[in-house]
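Here are my notes on the model, in numbered points. Please read them with the structure open.

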Amino acid sequence: MKLSFDPDRLRGLLAGDAQADRVVPPTGFTAWLTLFSAGAMAFLAVFALALSLATSRLADRWGDELARSSTIRISAPEGQSIAQTEAALRMLETTPGVASARALTKAEQQALLEPWFGPDLPVDSLPIPQLIEVIEEGSGFDAAGLRLRLSAEVPGAVLDDHTRWREPLVRAANRLRLLGWVSLMLIAGTVAAMITLAANAALSANAQVIGVLRLVGARDDYISGAFERRFTLRALTGAGCGMLAGVIAILFLPTAEVGGGFLTGLGFQGWHWIWPLIIPPLTALVAFFATRAAARRTLGGMS
């Protein structure tokens with residue numbers, strides 16, 4: 001069976017036909033099934049969309065921030081740490097691709113260790129390596145060449161360009177983003193299945209009415225259009241309510257600044273708030289084609 005998009009049919013769908021609407025029962029379990037399934041799936045679609053967009057932002061942030069910075073760790077014997085730090089900084093000043101380099105202060109290093117060891121860590125009395133933050137510019141520096149120079153002139157220095165941290169994090173974020181889009185496709189498929197079941201039930205319940213309509217000359221397009229309009233509008237209404245509930249739930253989630261964790265950043269930012277508005281029309285479109293396929297198949301079986 002060929003399902004094609006006809007603009008005239010869409011205008012007829014929106015305008016409605018009072019006579020045709022009487023073919024489909026206005027109430028009953030199929031109405032509630034369509035409304036509930038469309039609303040529930042739209043609610044879940046909002047969260048799947050928020051998850052996909054949040055992980056996309058996370059992957060971009062991790063990729064951009066970590067790709068433009070590196071760290072040099074200097075573990076030198078007592079009394080040589082300051083000298084090796086100064087030597088490393090002088091080397092970085094003449095290294096192409098390095099925009100800036102600076103040694104972290106004791107307070108900054110203590111702040112980095114605070115989430116694991118608490119605020120009372122005695123940094124001064126512990127042999128903590130000196131950290132140097134390196135910011136890249138342009139196409140970046142030659143990491144292999146810099147490591148060779150450091151090993152020759154600053155034996156206690158170890159360069160970490162964050163590659164081993166950045167790639168697994170970005171890969172995990174990209175997989176979460178893919179999971180979000182796969183969830184959206186599964187939700188669309190579930191909506192189509194539920195609408196198809198509801199349409200089949202409505203068609204079976206009205207088999208005698210359809211038979212009478214055919215006897216008086218009603219075409220299959222006319223009968224099919226009545227079911228398409230009713231189930232499309234029900235799906236649109238249910239998805240609109242579900243989308244609104246999902247957006248309200250997203251608004252009540254903690255903001256990213258409060259917790260600082262990944263889940264606290266789940267939501268929409270900027271123009272991304274437009275995306276949830278697309279869910280009800282897409283749900284209606286899925287319902288339209290699902291109902292049309294079910295109606296054509298059922299009417300064809302009655303012939």
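**Notes on rings, strands and surface**

1. The structure holds four aromatic pairs. Rings of Phe, Tyr and Trp (its six-membered ring) pair if their centres lie within 6.5 Å; planes under 30 degrees apart count as stacked, over 60 as edge-to-face and the rest as tilted. One of the pairs is Phe-43 with Phe-47, which is tilted: 5.2 Å centre to centre, 55° between the planes.

2. On provenance: this is a predicted model, where local features need pLDDT of at least 70, side-chain atom pairs count only at pLDDT 80 or more, and totals for chains, interfaces and linings use all residues. Residues are numbered from 1 along each chain as its sequence is written, and side-chain values use heavy atoms, with hydrogens and water left out.

3. Where do Phe-43 and Phe-47 lie? Both are in helix α3 (residues 29–67), four residues apart, about one turn of the helix. Helices (H or I, at least four residues) and strands (E, at least two) are DSSP runs, numbered from the N terminus. Phe-43 is partly exposed at 29% relative accessible area. Phe-47 is partly exposed too, at 25%. The classes are buried under 20%, exposed over 50% and partly exposed in between (1.4 Å probe, protein chains only).

4. Phe-288 and Phe-289 form an edge-to-face pair, with 5.1 Å between centres and 75° between the planes. Phe-288 counts as buried at 7% relative accessibility, whereas Phe-289 is partly exposed at 26%.

5. Arg-234 has its charged end over the ring of Phe-231, 5.1 Å from the ring centre. The test asks for NZ of Lys or CZ of Arg within 6 Å of the ring centre and within 35 degrees of the ring normal.

6. Strand β1 (residues 69–74) has two partners to check. With β3 (residues 130–136) the pairing is antiparallel, over six bridges. With β4 (residues 157–160) β1 also runs antiparallel, joined by four bridges. Strands pair if DSSP finds at least two bridges between them. Thr-71 stands opposite Glu-133 in β3 and opposite Asp-160 in β4.

7. A nonpolar surface patch of about 690 Å² includes Trp-271, Trp-275 and Leu-285 among its residues. Like charges are joined within 9 Å, nonpolar side chains (Val, Leu, Ile, Met, Phe, Trp, Tyr) within 5 Å. Areas come from the Shrake-Rupley method with a 1.4 Å probe; for residues, only the protein chains shown count as cover. Trp-275 lies in helix α11 (residues 275–302) and is partly exposed at 31%.

Notes. Patches are made of residues with over 30% relative accessible area and no salt bridge: like charges are joined within 9 Å, nonpolar side chains (Val, Leu, Ile, Met, Phe, Trp, Tyr) within 5 Å. A salt bridge is a side-chain nitrogen of Lys or Arg within 4 Å of a carboxyl oxygen of Asp or Glu.
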